[in-house]
Amino acid sequence: MDKPDERKKPRAPRATRLLDVDAWIDSTLYEAGFIARETWENLTIFFRRFRVTGWRRAVIELLSECATLGAGGSVVMLVLALPAFDETSKDWRNQGDFAVTFLDRYGNEIGQRGIFQRDSVPLDEMPDHVVNAVLATEDRRFFEHFGIDFIGLLRAMTVNVQANSVVQGGSTITQQLAKNLFLSNERTVERKVKEAFLSLWLEMNLTKKEILQLYLDRAYLGGGTFGLAAAADFYFGKNIKDLTLAEGAMLAGLFKAPTKYAPHINLPAARARANEVLSNMVQGGFLTEGQVLSARLHPADVVDRGDRKSPDYFLDYAFDEAKRIASKYGIHSMVARTTVDLDLQSAAEETLEYHLRQYGKDYGVTEGAIVMLENNGAVRAIVGGRDYGESQFNRATKALRQAGSSFKIYTYTAAMEAGLTPDSIVVDGPISWGNWSPKNYGRGYAGRVTITTALTRSLNSVPVRLAKEKLSIPVIKAEAEKMGVESPLESHKTMVLGTSGMTVMDQATGYNTLANGGFVGTRHAITQLVTRTGDVFYDFDRDGPKPKRAVSEKAVSEMNSMLVQVPEIGTGKRAALPGIRVAGKTGTTQSYRDAWFCGFTGNYTAAVWMGNDDFRPTRNMTGGSLPAMSWERLMEYAHKNLDLKPIPGIQHPFVDHKTAAKVAESAKTEEQKNAEQKLERPAVLSHASTEFLKELSGRFRSAPVIEAPPEPKTLSAL
C-alpha cells in the first residue's frame with residue numbers, strides 16, 4: 001500500500017530574508033553611530049577643560065603652526081641631506097698609504113702630501129695645553145653638546161650683532177670635521193643642512209675622543225701641512241709632545257685662517273692671533289692669567305722656511321696624478337718632480353687676488369680660478385680659489401661651471417673640420433629649435449656674416465644655426481671630447497652655447513689643443529717619479545702618453561686665424577698684449593653667473609674663470625672684463641724675458657707695436673690704469689745652473705786658505 005504524500009514546510013520568501021539583513025544593518029549602523037556620537041560628546045566634554053581663549057589661544061595656535069612647519073621642514077631638510085650620507089658608506093677614514101715629496105720644475109722641494117697626514121699622535125699623548133688651546137678657541141662646549149651647539153650659536157650671534165661684524169663662528173668641531181671629511185666650503189643652505197645631519201651622524205657613530213682626534217689630524221694648518229703633528233714639525237721643527245704653551249697657542253690660532261695667520265708668512269699676525277688664543281684659554285677657565293703671562297711675554301719663534309706660499313691647489317692636483325701613475329707600479333713612497341713654476345704660480349695667485357680685491361665688490365664677485373699651461377702641455381700654475389686655508393675645494397679642477405660663449409670654439413672647430421672656412425657666410429638672424437629661441441647678447445641681428453665675424457662678435461644665433469643645419473649635437477660633443485674635455489657634457493641642444501658644466505682645467509686643455517697644433521695627450525703635472533733610493537720608475541718623456549692629433553692642421557690654422565682677432569677687434573680687447581699675438585675667447589653665462597676668458601700665445605695657454613660659489617649672479621660681469629684683465633696681467637708677466645714663439649697657423653708672433661699698444665690701452669678703464677701695478681718677473685736660472693753655482697760655492701768654502709807670500713825686504717831694512 002502506498003504511503004500518503006508528506007507535505008513539505010513552506011520556505012520564507014527571498015524578499016523576507018533581504019528585509020531581515022537590511023534591518024540588521026540598519027540597527028547595527030544606528031547603534032554604532034549612537035556609540036560614536038556618545039563617545040565624541042564625552043571627548044568634547046573632556047577637552048573643554050583645556051579650551052583656552054583670548055591671548056592664550058593665539059599662543060597655542062602659533063605653537064601648533066610652528067610644530068606643523070617644523071615637521072615639514074625636518075622632512076625637507078632630511079631629503080636635502082640624504083645625498084650627503086652616500087659619502088658615509090665609503091671608506092672615509094682611509095687616507096691612503098701614499099707618501100709623496102714634491103719638487104718644482106727646477107728641483108726645489110715645495111711640499112708633501114700623504115706622509116704628513118699619517119704621522120698621527122694619539123690624543124692622550126698630546127700636551128694638555130695644546131688640546132685645551134684648540135678647544136678654548138674652536139669649541140669650548142665640545143664635550144657637552146651633541147654635534148650642534150645651540151647655546152654657542154646664540155652666543156656667537158649676540159657677539160657678532162654687538163660688533164656689527166662676524167667676530168665668532170657658531171660651528172662646532174663636529175660640524176667642521178663633517179665639512180672637512182664629506183663636504184666642500186660652498187656657502188649654501190643645502191651645504192649647511194648636510195653639515196648639520198652629518199654632524200649628528202658623526203656623534204652617533206664616533207666617540208668624542210675619536211671626533212677630536214680626527215679633527216686635529218685632518219685640519220689644514222698652512223704651509224702645506226695637515227694636522228697638528230705635521231704643523232709642529234713644519235713651523236717649529238719639534239715633535240708635538242715638546243711644544244710650549246706659546247707654540248701650542250700659535251698652532252691653535254691657525255684653525256680659523258691658516259693662510260692668513262701662517263707664521264712663516266706673517267709672524268706678527270700669528271703672534272697676535274696666539275695672544276687671542278691665550279685670552280680664550282683664560283676666559284674658558286682652562287688657565288689663569290698668571291699661567292699664560294710667560295707665553296704672552298715670550299711669544300713663539302718659528303723655523304725659517306722662507307716667505308713663499310705653498311702651491312697647495314697644484315699639489316692636490318699633482319698628488320692625485322702621482323697616485324694614479326704610481327699605483328700601476330705598486331710604489332707608494334716617492335719623490336715627484338713636477339711642472340710647476342713657482343714664479344708663475346705666485347703671479348697667478350697675485351693676479352686673481354688683485355682683481356677680486358680691486359673690483360670684486362663693484363662686480364659682485366667673490367671667487368675665481370686660473371689654470372696655466374705651457375703649450376707643450378706642462379701645467380705651470382693652478383689657482384683653485386682665493387684662500388686655500390679657507391677652502392680646500394679646488395675650483396680649477398673640480399668645480400663644474402657653465403662655459404658660456406667660451407664653449408663656441410668646439411662648435412666652430414667642428415665646423416672647420418666639416419669643410420667650412422672662416423669666410424663662409426652664415427645668416428645671423430632669429431632661429432628656433434623646438435621651443436628654444438636663443439638671442440644675441442645685444443638682442444639685435446647682423447644678417448649675413450662670415451664665421452670670423454660671428455666668432456669675434458660672439459653672436460649666438462650662428463653656432464646654433466650651424467649645429468642645427470650643418471652639424472649636430474653628437475658631432476660637437478665628440479669634438480670637445482677629442483680636444484681633451486673630460487667633464488660629462490650634456491647632449492641637449494643648448495650645450496652649443498655653453499650650458500654644460502666644465503672645469504677650468506678642461507677649458508685650458510681644450511684651448512691648448514689649438515695652441516699645440518691640434519695635438520692632445522700632452523697635459524701633465526708630473527715629469528718624473530723617483531723612489532726614495534733614487535731610482536726613476538716613471539719619466540713622462542719616456543713613459544707618458546704620446547701626443548695624438550685631434551684637430552687637423554687646416555682646422556687649427558683656420559681657428560687660430562679667427563681667434564687672434566677676438567682680442568684685437570672683438571670682445572676680448574682687454575686681454576690684448578702689447579706687441580704679442582693673442583688668441584682667445586670670452587664667455588659669459590646666463591644672469592652673469594660665470595665669466596671666462598680662455599686664450600693662448602705661442603708660448604702659454606691660460607683659462608680664467610670668475611663667479612660666486614653659491615651661483616649668485618654677478619653685477620653684469622662679462623668675460624671681457626675682469627677675466628680678460630686678469631689673463632692679460634698674468635700673461636704680460638709670463639712673457640717678460642721670454643723668446644716668443646708663433647701661434648700655429650699664424651706666421652709671426654708679433655703684431656704692429658703701435659696698433660697693439662693702442663688696442664690694449666683703449667680696453668683698460670681709468671680705474672685700472674690708475675690702480676694697476678705691473679708684475680716684474682725675475683730672471684730664472686735653470687736647475688742645472690743653480691746646482692753648479694751651489695757646488696762652486698761649496699768648493700770655494702772648503703778650499704784651503706792660501707797664505708800671502710812674505711814681502712821682500714828693502715835695502716833700508718837690510
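This briefing describes selected helices, aromatic rings and nonpolar cores of one predicted protein model. Because the model is predicted, local features need pLDDT of at least 70 and side-chain atom pairs count only at pLDDT 80 or more, while totals for chains, interfaces and linings use all residues. Residues are numbered from 1 along each chain as its sequence is written, and side-chain values use heavy atoms, with hydrogens and water left out. Helices (H or I, at least four residues) and strands (E, at least two) are DSSP runs, numbered from the N terminus.

**Helix H13**

- Helix H13 covers residues 267-283, and at 1.5 Å a residue its 17 residues should span 24 Å, which agrees with the 24 Å between its end C-alpha atoms; the expected span is 1.5 Å times one less than the number of residues.
- The buried residues of H13 are Ala 269, Ala 270, Arg 273, Ala 274, Val 277, Leu 278, Asn 280 and Met 281, where buried means under 20% relative accessible area, exposed means over 50%, and partly exposed lies in between (1.4 Å probe, protein chains only).
- An α-helix has 3.6 residues a turn, so residues three or four places apart point the same way.
- The cover over the buried residues of H13 includes helix H5 (128-138), helix H11 (245-252), helix H12 (258-261) and helix H14 (289-297).
- At the start of H13, a side-chain oxygen of Asn 266 comes to within 3.2 Å of the backbone nitrogen of Ala 269, whereas just after the helix Gly 285 takes a positive phi of about 80 degrees.

- Asn 280, which lies in helix H13, is buried with a relative accessible area of 15%, and its side chain is joined to that of Arg 140 by a polar contact of 3.5 Å.
- A polar contact is a pair of N or O atoms within 3.5 Å; within protein, one must be able to donate a hydrogen and the other to accept it, and residues adjacent in sequence count only if both atoms are side-chain atoms.
- Leaving aside neighbours within four places in sequence, Asn 280 is in contact (heavy atoms within 4.5 Å) with Ala 136, Thr 137 and Arg 140.
- Met 250 belongs to helix H11 and is buried, with a relative accessible area of 2%.
- Beyond its neighbours within four places in sequence, Met 250 is in contact with residues including Leu 267, Ala 270, Arg 271 and Ala 274.
- Pro 263 is also in contact with Met 250; the C-alpha atoms of these two residues, 13 residues apart along the chain, are separated by 8.2 Å.

**Aromatic rings**

- The structure holds 10 aromatic pairs, a pair being rings of Phe, Tyr and Trp (its six-membered ring) with centres within 6.5 Å; planes under 30 degrees apart count as stacked, over 60 as edge-to-face and the rest as tilted.
- In one of these pairs, the ring centres of Phe 142 and Phe 143 are 4.9 Å apart with their planes at 75 degrees, so the pair is edge-to-face; Phe 142 is buried at a relative accessible area of 1%, but Phe 143 is exposed at 54%.
- Tyr 313 and Tyr 388 also form an edge-to-face pair, with 4.9 Å from centre to centre and 80 degrees between the planes.
- This second pair links distant parts of the chain, 75 residues apart, since Tyr 313 is in helix H15 (residues 312-326) and Tyr 388 is in the loop between strand E5 (379-383) and strand E6 (401-402).
- Tyr 313 is buried with a relative accessible area of 6%, and the value for Tyr 388, also buried, is 6%.
- Tyr 220, Phe 226, Tyr 313 and Tyr 388 form one aromatic cluster.
- Arg 401 lies over the face of Phe 615, at 4.0 Å from the ring centre, and Arg 633 lies over the face of Tyr 354, at 4.1 Å from the ring centre; a charge sits over a ring if NZ of Lys or CZ of Arg is within 6 Å of the ring centre and within 35 degrees of the ring normal.

**Nonpolar cores**

- A nonpolar core is a set of buried Ala, Val, Leu, Ile, Met, Phe, Trp, Tyr and Cys residues joined through side-chain atoms within 4.5 Å.
- The largest such core has 89 residues, of which Phe 102, Phe 407, Tyr 410, Ile 526 and Leu 529 touch the most other members, and H15 gives the most to this core, with 9 residues.
- A second, separate core of 57 residues includes Phe 142, Leu 206, Tyr 215 and Ala 270.
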